[in-house]
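Student: I would like to learn how the words used for a structure follow from its numbers. Could we work through an example together?

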Amino acid sequence: MSIWEYANPKKFMETSGKVLPWVAIPSALLCIVGLVWGFFFTPEAENFGSTVKIIYLHVPAAMMAINVWLMMLVTSLVWIVRRHHVSALAAKAAAPIGLTMTVIALVTGALWGQPMWGTWWAWDPRLTSFLILALFYLGYIALWAAIEEPDTAADLTGVLCIVGSVFALLSRYAVNFWNQGLHQGASLSLDARENVSNVYWIPLVICIAGFVLLFVTLVLLRTRTEIRARRLSALLARERMA
Amino acid sequence: MQVQGVSCARGGVTVLDGVSFTLEPGQALVLRGPNGIGKTTLLRTVAGLQPAIAGKVSLPPETLAYAGHADGVKATLSVAENLAFWAAIHGQGGVDGALLAMNLGQLRDRAAKNLSAGQRRRLGLARLIVTGRPIWLLDEPTVSLDSDSVALFGAVLRGHLAEGGAALIATHIDLGLPEARVLDLTPYKARAPQAGQSRDAFAEAVE
Amino acid sequence: MIALILRDLRLAIRSGGGFGLGLAFFLLVVVLVPLGVGPEPATLAKIAPGILWVGALLSCLLSLDRIFALDFEDGSLDLLATAPMPLEGVVAAKTLAHWLVTGLPLTLAAPVLAVLLNLPGQGYSWLVASLALGTPALSMIGVFGASLTVGLKRGGLLLSLLVLPLYVPTLIFGAEAVRRGAMGMEAGTPLLLMAGITAGSVALLPFASAAAIRVNLR
């Protein structure tokens, strides 16, 4: 039995239907536990005050913003190489979630930046990169929306996603080159204790796990919706021919 | 040229199913069928502009000259410049023969935007001659031509066949080619798939 | 291929919109900025590299939607796709023609317009060098965007939305090279990085563009 069997829409609908509650419920639990713990049951940091607690939204959202694009890149490649429809639809389904995560990361970042750096917005490399990432998401979503024929749309957005990934990476380096900024380094290195102490770190990991599962839940739901929409148009086409 | 069991789709809907025919040098094949049957779609599939859903089109590479509904004529270029461009793209030389054959000699320096629809069409057809390619795919070549021009093009076509060329033509008008075979596409019209044997994976994606 | 380049150049000259429009737009951007930010020479000198680059980029954007749209409408693109030249070659030829009509005149006009913006003297050579090396990438990326949207009725706005994010690295390195050059700093690194992006784009994007056009023609 190969993994490609799940690329068949029918098989995908059956399997995803069974899997969905097993990711949806843990995702809700982890998000609630992580956020409540993070917001209300962690000590106030000495030099940061309570504003630091926004990392429980900011960091998971920022991580997802990048990883969703990676997932779209992989599914686009699978569509272009192996022509599995579900793969293309999963990429389509993921894009708005990725955009939302990017916007959450930007907004929470601004809310945090205000008390920390005294400004809502700074052209800091990380902030700028995320803004550019949001533009890439917007373009990708707009291209999907503009093309009527679904296979054409899948092909063209796939090409855009691959080329866009290269240019997004280039932009990241270009922006770093352009301005070394205010933003602290990544808070989660392999040796996490160096950056953030345990009390903060455990709820953060819970939040991240919750966000990952939340994304899986949403992407499954949205892919199922897309498949239903495609099924509907396939049935309508059949009706017209009969 | 061989076409074997080709199915083709327009806008994601299969229109023709299992079309087969062969075309030898010196032969012409006329495609017939009601509007919307998929003549244009079939021609575009044979031309390689869109993939066949099933079946195979086999022909030697770089032998096709396609003439669709649009003529590919640039309005600001003169008649001769338009032709010379396509000749250069196909690595061919002079355009005088083609101008003469389609009775465009007197119009050669006129800008294409000042041509009538019929003259423009003649220019589009003259392009076929300068490609130097043996297999012509013609999609309603006689649209907006008067009867003299139809006869003129019929003669050009006959000359092309006599030189060992071939032509696949979608038309409703008699081009004066008694030797041309006729292929009626009506029997190849794609039927709605029976439940359980759909080509489209999504029609089967039941809950 | 030369035939196609010559045809595109001839069309650009005869239809009038080609050379003139992009340059006029560039001029307008450069004139409007001092009217907006004030005549202070020091301020203008500071923002000149950025304004010149953004202006060149926007002028380049202006003509993108016509690259393939006209050939698509009149059927030429179908005929080119069945012609002996590979579609990748068509893309490369049209990119070169677009650059000759927009990128090259912009590069040549930029030093003149830089005077209006009070660009420091040592920045001029960097300005010309960076535009000469960077505008081919702008044309190439624009052609890629145009081939994605060629089948769409009103693709113009969408085209800008797709292309502008892809312009970011070129813009950053290009403007940075001029900025450093104008301040008398070492500017070779950003210039080389930008040239690298141009080389990569010109080498790889024709394949992506041709693939997109094939999808759009079917």
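Tutor: Let's talk through a few terms, one at a time, for this predicted model.

Student: Why is helix 6 of chain C called roughly perpendicular to helix 9 of chain C?

Tutor: Their axes come within 8 Å and cross at roughly 115 degrees. Angles of 65 to 115 degrees count as roughly perpendicular, so helix 6 of chain C is roughly perpendicular to helix 9 of chain C. The crossing is right-handed.

Student: Which residues make that contact?

Tutor: Helix 6 of chain C brings C:L87, C:E88, C:V91 and C:A92. From helix 9 of chain C come C:P206, C:F207, C:S209, C:A210, C:I213 and C:R214.

Student: What makes seven of these residues nonpolar, one polar and two charged?

Tutor: Leu, Val, Ala, Pro, Phe and Ile count as nonpolar, while Glu and Arg count as charged and the others as polar. Sorted that way, the contact has seven nonpolar, one polar and two charged residues.

Student: Now the chains: how many residues does each give to the contact between chain A and chain C?

Tutor: Chain A gives 21 residues and chain C gives 18. On the side of chain A, helix 4 (125-146) and helix 5 (150-178) each give two or more. The largest share, twelve residues, comes from helix 5 of chain A. By class, this side has 17 nonpolar, three polar and one charged.

Student: How confident is the predictor about chain C?

Tutor: On a scale from 0 to 100, its mean pLDDT is 90, and 99% of its residues reach 70 or more.

Terms used
Residues numbered from 1 in each chain as written. Chains lettered and ligands numbered in written order. Predicted model: local features only at pLDDT ≥ 70, side-chain atom pairs only at ≥ 80, totals over all residues. Axes fitted to C-alpha atoms, helices over the stretch in contact; angles between N-to-C directions. Helix = DSSP H or I, 4+ residues; strand = E, 2+ residues; numbered from the N terminus. Parallel < 35°, antiparallel > 145°, perpendicular 65-115°, else oblique. Left-handed = near helix turned anticlockwise from the far one by under 90°. Contact = placed C-beta atoms within 7 Å.
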